[in-house]
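Q: How do I read helix packing and nonpolar cores in a model? Please take me through it step by step.

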Amino acid sequence: MKTKTLVVDLDGTLVLTDTLHESLISLIKCDPLNLLRIPFKLKLGKAGFKKWVSEHSDLEVETLPYRKDLITYLTTEKENGTNIVLATAAYAKIAHKVANYLALFDGVLSTTDCSVNLKGKNKLIAIQEKFGDEFTYIGDNAADLGIWEESQSAIIVGSDVQSLSQSLYQNLCKYLFLR
C-alpha cells in the first residue's frame, strides 16, 4: 500500500500571512537603511530578491500566525503515517525554519536559487518530479489551481474557498469535456 502524501503550501495556507512580507518587516527592523536598499535589490528578480531578504532578515517563525486547524489536521495525518511535504515559493531558508519549528514535514520544496521562483507551474513541476500525480495538495490561492487540477485531490483553505472551489470545478469540467 502506498503512503498518502500531502503537499502543503506555506503563505496564506499554513501561515495566515505571507512570509516574504513578514521577512521584509523583520529586515527593516534589523536595519532601517534596508528600506533604501529594497528598490535596488528588486532588480535581482523575484527569487533573487527573496534570497536577499531571507539572508538579511531575522524572521522569528515561532511568532507567525499559523492556521491552527490545519496544523491539528496535519498532526493527525502525521500520526497516521502520512508523508507531509511543505511546498512553497518562499526562499529555502525560511521554508526550512518553518519546517524545523513545526516538526511535521518529511520534506521541503522551496525556492532555492535566484533564477526559479517555486510558484504556480514551477511548483507543480517540482511536485510532479517527486510524486508524479500521487499527492493531495493543500493551498489557498488561484495560483494553486493548476496544481489542484493535477493532484489526486484538493484541500482548499482560507477566505476564498467558495470561489476557488467553483473555479476548480469549472476547470475540471472543461478538461473532462475536452477529453
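**Helix packing and cores**

A: Start with handedness. Helix 1 and helix 3 cross in a left-handed sense. Keep in mind that this model is predicted.

Q: Which residues of helix 1 and helix 3 make the contact?

A: Helix 1 contributes L20, S23, L24, L27 and C30. From helix 3 come F49, K50, W52, V53 and H56. By class, seven residues of this contact are nonpolar, two are polar and one is charged.

Q: What describes two packed helices?

A: The angle between their axes and the distance between the axes. Here, helix 1 spans residues 19–30 and helix 3 spans residues 45–56. They pack at about 50 degrees, and their axes lie 9 Å apart. Helix 1 is therefore oblique to helix 3. Angles of 65 to 115 degrees would count as roughly perpendicular, and those under 35 as roughly parallel.

Q: Now the cores. How many residues has the largest nonpolar core, and which have the most contacts inside it?

A: A nonpolar core is a set of buried residues joined through side-chain atoms. The largest one here has 24 residues. L14, Y66, L74, V98 and F105 have the most contacts inside it.

Q: What does F105 touch?

A: Leaving out residues up to four places away in sequence, F105 touches V8, L14, I84, V85, L86 and A99.

Q: Which residues does the second core include?

A: Among them are L109, F131, Y137 and I147. This core is separate and has 15 residues.

How values were computed
Residues numbered from 1 in each chain as written. Predicted model: local features only at pLDDT ≥ 70, side-chain atom pairs only at ≥ 80, totals over all residues. Heavy atoms only, no water. Axes fitted to C-alpha atoms, helices over the stretch in contact; angles between N-to-C directions. Helix = DSSP H or I, 4+ residues; strand = E, 2+ residues; numbered from the N terminus. Parallel < 35°, antiparallel > 145°, perpendicular 65-115°, else oblique. Left-handed = near helix turned anticlockwise from the far one by under 90°. Contact = heavy atoms within 4.5 Å. Nonpolar A, V, L, I, M, F, W, Y, C, P; charged D, E, K, R; others polar. Core = buried A, V, L, I, M, F, W, Y, C linked by side-chain atoms within 4.5 Å. Buried < 20%, exposed > 50% of the residue type's maximum accessible area, 1.4 Å probe, protein only.
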